[in-house]
Amino acid sequence: MNGGPGGLGWVPPGVKSQAGGGGGFLEQNGVFVPLQYTSAGDPLQGGYGFCDWTDNGRTPHPGVDLNSGGSCNADEGVQVVAPTDGLVVAVLPWDGYTSGEGNHLWLYLDSPVCVAPAYMHFDHLQAFAVDEGQRVAAGQVIGTCGRTGNWDCAHSHEEIAKALPSSWWQWPYGWSVAQVQAAYYDPGLWYQQTVEKAGGMNGLPMDTTPEERQAMAPYFAMYGVSPNMETAIMKRAALAYKRDETPGPCLTDEYPYGDQGFVRQNFTARILEWHPQDNQVYTVEVVKDGIST
Ligand SMILES: [Zn+2]
């Protein structure tokens with residue numbers, strides 16, 4: 001089912017088989033938001049953002065606390081994946097009682113698609129899925145979301161350090177906001193810039209012409225849905241097709257989703273979602289090898 005019947009000779013890129021994440025990941029240009037089921041409209045669900053004050057005003061939070069599923073422990077046990085290719089440089093199991101990072105690990109993100117190489121830190125994991133020294137591919141599961149380190153609610157704390165940290169337990173207690181900004185990337189910004197760079201690399205096309213979109217229309221209409229090729233979602237779907245990614249043929253027309261004005265459309269291998277707030281089209285569901293959940 002991955003990619004539909006492939007009637008136009010299309011085959012999915014082989015790299016997809018390395019990405020073991022199953023469904024429910026936000027992904028753009030092959031760059032993943034690590035926590036499964038993260039909502040593009042509300043990735044934190046109340047968690048700390050970059051440089052929000054923690055420790056009673058002593059620490060600018062050096063990363064983001066991603067939450068998914070809508071309640072305290074709805075995301076406990078869901079998958080955490082590598083955002084890009086990288087190397088596992090530290091796997092640090094929890095001692096079972098000390099409050100803090102819990103089970104945590106560091107990835108060195110050295111993929112050329114990254115806006116800059118970086119050390120990414122994942123805290124409070126329920127379990128690890130990788131070993132030190134292992135190379136991982138974008139979308140590969142590195143662990144599961146948890147609340148180790150004595151947290152009430154599971155969440156995925158993620159920091160992106162600009163350079164090798166002073167220790168694998170580096171925590172900027174008492175630092176100024178300027179110091180934290182100098183040492184860490186704003187993860188949201190890093191993600192956005194990496195997505196943009198990934199899209200522009202290796203001659204990846206960034207646009208389609210109206211003529212190209214019209215020529216692709218029969219492929220998308222394979223299951224009897226005749227899409228308007230000039231909507232934002234269909235422009236994104238056509239671009240994906242041109243890049244040899246796959247949305248697959250249309251399974252539905254556009255339909256409203258949620259209470260924030262989002263619009264969705266289902267394809268055999270993708271669900272695409274348009275947001276009026278930023279006029280962006282997001283991939284909210286990636287169907288890999290026929291597994292969608
Ligand atoms: Zn945090």
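**Exercise 1.** Determine in which strand L107 lies, and whether L107 is buried or exposed.

*Solution.* L107 belongs to strand β8 (residues 103–109), where strands are DSSP runs of E with at least two residues, helices are runs of H or I with at least four, and both are numbered from the N terminus. The model is predicted: local features need pLDDT of at least 70, side-chain atom pairs count only at pLDDT 80 or more, and totals for chains, interfaces and linings use all residues. Residues are numbered from 1 along each chain as its sequence is written.

Next, apply the burial rule: a residue is buried with 20 or more other C-beta atoms within 10 Å of its own, exposed with 12 or fewer, and partly exposed in between, the C-beta atoms being placed from the backbone. L107 has 26 C-beta neighbours inside 10 Å and therefore counts as buried.

**Exercise 2.** Identify which residues L107 contacts, leaving aside neighbours within four places in sequence.

*Solution.* Contact requires C-beta atoms, placed from the backbone, within 7 Å. On this basis, L107 touches A82, G86, L87, V88, V89, M120 and V136.

**Exercise 3.** Describe how helix α3 and α4 pack.

*Solution.* First, take the angle: helix α3 (residues 210–220) meets α4 at about 85°, and their axes are 10 Å apart. Axes are lines fitted to C-alpha atoms, for helices over the stretch in contact, with angles from 0 to 180 degrees between N-to-C directions. Second, classify: α3 is roughly perpendicular to α4, a class covering 65 to 115 degrees. Third, list the contact: E212, R213, M216, Y219 and F220 of α3 meet K235, A237, A238, Y241 and K242 of α4.

Terms used
Angles under 35 degrees count as roughly parallel, over 145 as roughly antiparallel, 65 to 115 as roughly perpendicular and the rest as oblique. Two residues are in contact if their C-beta atoms, placed from the backbone, lie within 7 Å.
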